[in-house]
Amino acid sequence: MLNESLSLSLLPSHPLSTMPPAGQPTTRDFNPYSENGGTILAIAGVDFAVVAGDTRQSEGYNIQTRYAPKVFKLTDKAVLAVNGFAADGNMFVKKVKQRLEWYKHAHAKDMPLRAIARMIQTMLYAKRFFPFFVYNILGGIEEDGSGAVYSFDPVGSYEREACRAAGAAQSLIQPFLDNQIYFKNQQTPPSRSHPRHLPLTHVLSIVTDSFTSATERHIEVGDGLEIYVILAKGKTLAGLGLEGRGLTEVTSTIDDGDESEGSSDGERVYVLRRELKRD
């Protein structure tokens, strides 16, 4: 009797009538993509751009690593943030850097930011039938010295914006950016108006607050924060009080023999690192 009950327990739970008839085609599901969490954002200023991302990489409830950078410097004028399927993101950044290197060898200069945005659009659209499962945000300095942010969907649709968030906590951060950067739902007296651009110190505090709050509310965001700051020609971070607070300059074209603050005539790139909650 025990053996009979055991054999019955091993039978499939669904009725045999739902099984496909012999010789009929069956469906096999296969998903080549995975969602690896994390969040990125970018904000453009009058003569700067800020691109940031957290460092947690996860899948479901499992944290795969606590340091997986999502923000990458392309040139001294451009920084790219990628989010989505981590493997696709890393491969896409590698291909973008390769094309930028080819361009520099051919033209003896870096590709302009607007051209990089168009190139990324072309690369994504070319893979539209088996796309890179990544959401890209490109931030940097245009040829006229203004800050710019370009956001992309996985198949190449893109636009220039003042700010954009993407990733697991996009629904938490984007409304906050709409309120603080675009001044949505903010009432002002008739004699006053909202500023077109915010100062860099205010933008950095908005970025930090965005990720701090997202970390409290979303399990796929946390561990560390990397903030890239791209400055236009002639601009420095002097007087902002950021020295000795995890600030590192990563500019490639600092003048030989003079690496002091503000010594280069070109654009400057800095990275600011902060810790986030690890639970």
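**Figure 1. Helices α2 and α3 in a predicted model, where their axes come within 11 Å.** Helix α2 covers residues 86-107 and helix α3 covers residues 113-126. The two axes cross at roughly 130°. That angle makes α2 oblique to α3, because an angle counts as roughly antiparallel only over 145 degrees and as roughly perpendicular from 65 to 115. The crossing in which α2 passes α3 is right-handed. Two packed helices are described by the angle between their axes and the distance between the axes.

**Figure 2. The residues through which α2 meets α3.** On the α2 side, the contact is made by F92, K95, V96, R99 and L100. On the α3 side, I116, M119, I120, M123 and L124 take part. Sorted by type, the residues of this contact are 8 nonpolar and 2 charged, with no polar ones.

**Figure 3. A108, in the loop between α2 and α3.** A108 is not a glycine, yet it has a positive phi of about 60°. Is A108 buried or exposed? The relative accessible area of A108 is 70%. A108 is therefore exposed, as the word applies to values over 50%.

**Figure 4. F183, in the loop between α4 and α5.** F183 also is not a glycine and has a positive phi, of about 60°. The relative accessibility of F183 is 15%, so the residue counts as buried; the cut-off for this is under 20%.

**Figure 5. P199, in the loop between α4 and α5.** Helix α4 spans 170-180 and helix α5 spans 200-217, and P199 has its place in the loop between them. P199 counts as partly exposed because its relative accessibility is 47%, a value that falls between the cut-offs of 20% for buried and 50% for exposed.

**Figure 6. The whole protein, as a setting for the close-up views.** The protein has 279 residues, and 43% of them count as buried. Its secondary structure includes 5 helices and 13 strands. Among contacts between residues at least 6 apart in sequence, 65% join residues at least 24 apart. The accessible surface of the protein is about 15700 Å². Carbon and sulfur atoms account for 52% of that surface.

Key. Residues are numbered from 1 along each chain as its sequence is written. This is a predicted model: local features need pLDDT of at least 70, side-chain atom pairs count only at pLDDT 80 or more; totals for chains, interfaces and linings use all residues. Side-chain values use heavy atoms; hydrogens and water are left out. Axes are lines fitted to C-alpha atoms, for helices over the stretch in contact, and angles run from 0 to 180 degrees between N-to-C directions. Helices (H or I, at least four residues) and strands (E, at least two) are DSSP runs, numbered from the N terminus. Angles under 35 degrees count as roughly parallel, over 145 as roughly antiparallel, 65 to 115 as roughly perpendicular and the rest as oblique. A crossing is left-handed if the near helix is turned anticlockwise from the far one by less than a right angle, and right-handed if clockwise. Contact means heavy atoms within 4.5 Å. Ala, Val, Leu, Ile, Met, Phe, Trp, Tyr, Cys and Pro count as nonpolar, Asp, Glu, Lys and Arg as charged, and the others, Gly among them, as polar. Buried means under 20% relative accessible area, exposed over 50%, partly exposed in between (1.4 Å probe, protein chains only). Accessible areas come from the Shrake-Rupley method with a 1.4 Å probe; for residues, only the protein chains shown count as cover.
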